[in-house]
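Q: Please take me through this structure feature by feature. I would like to know how each one is read.

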Amino acid sequence: MIEQSAVARLGGVALLAGAVTGNAFAHGFAGKRFFPATLATDDPFVADELSLPTVSRRKTGANGDEPATLETDASVDFTKRITPTFGLGLGATYLSLKPDGGDPQRGFDNLAANAKYQFYESDEHETILSIGADWDIGNTGAKRTGADSFSTVTPTVFFGKGFGDLPEGLKYLRPFALTGTAGVAIPTRASTAAVDDSGNATTVQNPHVLNVGFAVEYSLLYLQSFVKDAGLPEPFNRMIPVVEIALQKPVDRGGGPTTGTVNPGVLWAGRTMQYGLEAIIPVNGTGGKTGVMFQIHFFLDDLFPRSIGKPLLD
């Protein structure tokens with residue numbers, strides 16, 4: 001006779017399998033750990049995926065001659081695996097800017113492209129390591145929204161670590177996972193000429209910028225599947241509470257303060273898609289007011305495993 005605890009565990013495993021399709025172990029998995037797609041920081045894995053849309057809204061703080069501005073962003077991001085461990089991506093963002101006392105400005109930001117190579121995975125230790133680069137493509141956006149005329153390339157390292165290998169005495173910490181990124185944004189132009197509101201020519205320095213991001217996650221999917229069946233009903237049994245931190249620090253050419261946001265929220269992972277909702281909290285007083293971010297994310301490798309959702313090269 002199977003013990004009740006074993007039945008609960010088997011039921012939890014079935015729940016996790018039900019959150020994704022049979023081929024989903026190619027999408028953000030390391031052993032039993034499912035790493036969700038995060039909103040404010042990039043995830044560590046390579047996958048066929050589509051974020052459509054990601055919408056954010058917040059009021060930025062005044063900075064020098066720049067007034068406080070209500071900014072609404074709507075973006076789409078698409079990533080395609082070339083091989084099982086190497087992928088390319090492309091993103092576009094439409095901006096709506098409403099400065100205090102000024103005229104609204106609308107238009108696209110610069111296009112963004114990226115490449116990522118996942119070079120390490122440990123199923124036993126629920127670990128993923130990747131390297132990659134983001135490319136903000138200069139002169140592809142609207143100047144009225146502040147799109148740069150130069151490009152910026154950001155080499156980046158990515159990691160993901162689940163804590164399912166903790167001992168039995170710490171089993172309720174096993175659903176925790178940590179993902180993160182670290183990179184340096186390198187502008188293709190050290191400085192650019194600009195004209196202020198009075199018509200005076202000025203030179204703007206373009207510093208290198210250190211970008212660091214972290215996401216702390218607690219997977220209720222993992223809790224139910226591999227720790228203890230807590231009997232959580234839908235939709236709570238597929239939720240992943242998360243706190244993301246995204247920071248930027250100019251390191252030369254005049255530098256500047258550290259800026260960034262803290263983003264607490266929750267993700268819900270379904271069979272072929274994911275929903276995410278997070279607050280946007282600036283880390284310092286000049287960062288403006290608290291905003292909100294929402295995303296619908298599609299797992300293309302689960303939706304179309306035999307066509308556009310599989311790697312181009314095996």
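Q: Is Y120 buried, partly exposed or exposed?
A: This is a predicted model, and the accessibility is computed from its coordinates. Y120 has a relative accessible area of 38%, so Y120 is partly exposed. The residue is found in strand 7.

Q: Which residues form the nonpolar patch on the surface?
A: The patch consists of Y117, F119, Y120, I131 and V157, and together they have about 460 Å² of accessible area. Strand 7, residues 112-122, gives the largest share, three residues.

Q: How many salt bridges does the structure hold, and where does R33 come in?
A: There are 10 salt bridges in the structure. In one of them, the side chain of R33 meets that of E126, at 3.1 Å from N to O. This pair links distant parts of the chain: R33 is in strand 2 and E126 in the loop between strand 7 and strand 8, 93 residues apart.

Q: Are R33 and E126 buried or exposed?
A: The cut-off for buried is under 20% relative accessible area. R33 has 2% relative accessibility and so counts as buried. E126 also counts as buried, at 2%.

Q: What is the accessibility of the partners in the salt bridge of D165 and K161?
A: Their side chains meet at 3.2 Å, N to O. D165 is partly exposed at 34% relative accessibility, and K161 is partly exposed at 22%.

Q: Which residues are linked in a network of salt bridges?
A: D42, D43 and K116 are linked in such a network.

Q: Where does R58 lie, and what does R58 touch?
A: R58 lies in strand 3, residues 49-60. With a relative accessible area of 19%, R58 is buried, because buried means under 20%. Beyond four places in sequence, R58 touches several residues, including T69, L70, E71, I280 and K289. The C-alpha atoms of R58 and L70 are separated by 5.9 Å, with the two residues 12 apart along the chain.

Q: How do strand 5 and strand 6 pair?
A: They pair in the antiparallel sense over four bridges.

Terms used. Residues numbered from 1 in each chain as written. Predicted model: local features only at pLDDT ≥ 70, side-chain atom pairs only at ≥ 80, totals over all residues. Heavy atoms only, no water. Pairing = 2+ DSSP bridges. Helix = DSSP H or I, 4+ residues; strand = E, 2+ residues; numbered from the N terminus. Buried < 20%, exposed > 50% of the residue type's maximum accessible area, 1.4 Å probe, protein only. Contact = heavy atoms within 4.5 Å. Patch = residues over 30% accessible without salt bridge, like charges linked within 9 Å, V, L, I, M, F, W, Y side chains within 5 Å. Areas by Shrake-Rupley, 256 points an atom, 1.4 Å probe, with all protein chains shown as cover. Salt bridge = Lys/Arg side-chain N within 4 Å of Asp/Glu carboxyl O.
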